[in-house]
Amino acid sequence: LVRLCHPHILLLVVLCLYIADLWHHLSIPSWSYSVSPIHIKINDRVGFGARMTQMEEARRGSVTEAMKKVSEKENITVEKILKGVASGRIVVPTNLNREIEPVGIGEGLRIKINANIGTSMDFPDLEPEIEKAKVAVEYGADTIMDLSTGGDICSIRKEMLKIPVPLGTVPIYQTAVEVSHGRGEAIVDMTEDDLLGVIEKQAKEVVDFMTLHVGLTKESLGK
């Protein structure tokens, strides 16, 4: 039920969401980025309802409420959290439109536990999955991923979001279901718009992070 993930590995497969205006917030982290403590300022607005991402705020030298809470929970200075978020080596996968306790994942932080749950075509019942999620959180899971492929996937995710920990998804799963069962086409006929549409839909539903399956990296495209 519960899988132990090294923070560096988890950083490679999760993406902090950028809510409704997802595409305007997409950026590639600079690993040499640094923030001068002299310019650090506290911004209590971001983390609950603001439109700027944690990384954007960190790069401006602004400490968000979420960063402060992660600093306290990890017993690490807020300056280290700020620099880690600014560089992309630390993520705080908390959707800006969702009020949950922030969780920090990444370099220098405690290893986090993620629980994978979700329905399938053969077992589409929601209740057992909700119970699994609650048990996982009770016994220490820091985050949950909904991998549902059976039943009303959007309604299932809506119920999962009621559990007060960061919730992640794998958009290609729902895309495959919509293409194969919704349109009656082969999964290999999935288009870019199919996948990007599901990513945007799930972001608007205020999930906190995603696993994105991609076949190319920016570096590969440059070769």
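Q: Is Val206 buried or exposed?
A: Val206 counts as buried, because its relative accessibility is 19% and buried means under 20% relative accessible area, with exposed over 50% and partly exposed in between (1.4 Å probe, protein chains only). This is a predicted model, in which local features need pLDDT of at least 70 and side-chain atom pairs count only at pLDDT 80 or more, while totals for chains, interfaces and linings use all residues. Residues are numbered from 1 along each chain as its sequence is written, and side-chain values use heavy atoms, with hydrogens and water left out.

Q: Where is Val206 found, and what is its phi?
A: Val206 is in the loop between α8 and β10 (209–210), where helices (H or I, at least four residues) and strands (E, at least two) are DSSP runs numbered from the N terminus. Its phi is positive, about 65°, although Val206 is not a glycine. Most residues other than glycine have a negative phi.

Q: What about Asn75, buried or exposed?
A: Asn75 is exposed, with a relative accessible area of 73%, and it lies in the loop between α3 (65–74) and α4 (78–87). The phi of Asn75 is also positive, near 55°, in a residue other than glycine.

Q: Changing topic, how do α7 and α8 pack?
A: The axes of α7 and α8 are 9 Å apart, at an angle of about 120°. That makes α7 oblique to α8, because angles under 35 degrees count as roughly parallel, over 145 as roughly antiparallel, 65 to 115 as roughly perpendicular and the rest as oblique. Axes here are lines fitted to C-alpha atoms, for helices over the stretch in contact, and angles run from 0 to 180 degrees between N-to-C directions.

Q: Which residues meet there?
A: From α7 there are Pro171, Ile172, Gln174, Thr175, Glu178 and Val179, which meet Asp194, Leu195, Val198, Ile199, Lys201 and Gln202 of α8, where contact means heavy atoms within 4.5 Å. By class, the residues of this contact between α7 and α8 are six nonpolar, three polar and three charged; Ala, Val, Leu, Ile, Met, Phe, Trp, Tyr, Cys and Pro count as nonpolar, Asp, Glu, Lys and Arg as charged, and the others, Gly among them, as polar.

Q: And Ser180, what does it touch?
A: Ser180, which is found in helix α7, touches Glu185 and Ile187, not counting residues up to four places away in sequence. With a relative accessible area of 24%, Ser180 is partly exposed.

Q: How do α5 and α6 cross?
A: The axes of α5 (residues 126–138) and α6 (residues 153–160) come within 11 Å and cross at roughly 30°, and that makes α5 roughly parallel to α6. The contact is made by Leu126, Glu129 and Ile130 of α5 with Ile156, Glu159 and Met160 of α6, and its residues divide into four nonpolar, no polar and two charged.

Q: Which residues of α6 are buried?
A: The buried residues of α6 are Ile153, Ile156, Arg157 and Met160. They cover an arc of only 100° around the axis, so they lie on the same side of α6; the arc is that of the directions from the helix axis to the C-beta atoms.

Q: What covers them?
A: The elements covering the buried residues of α6 include β7 (112–117), α5, β8 (143–146), β9 (167–169), α7 (171–182) and α8 (192–204).
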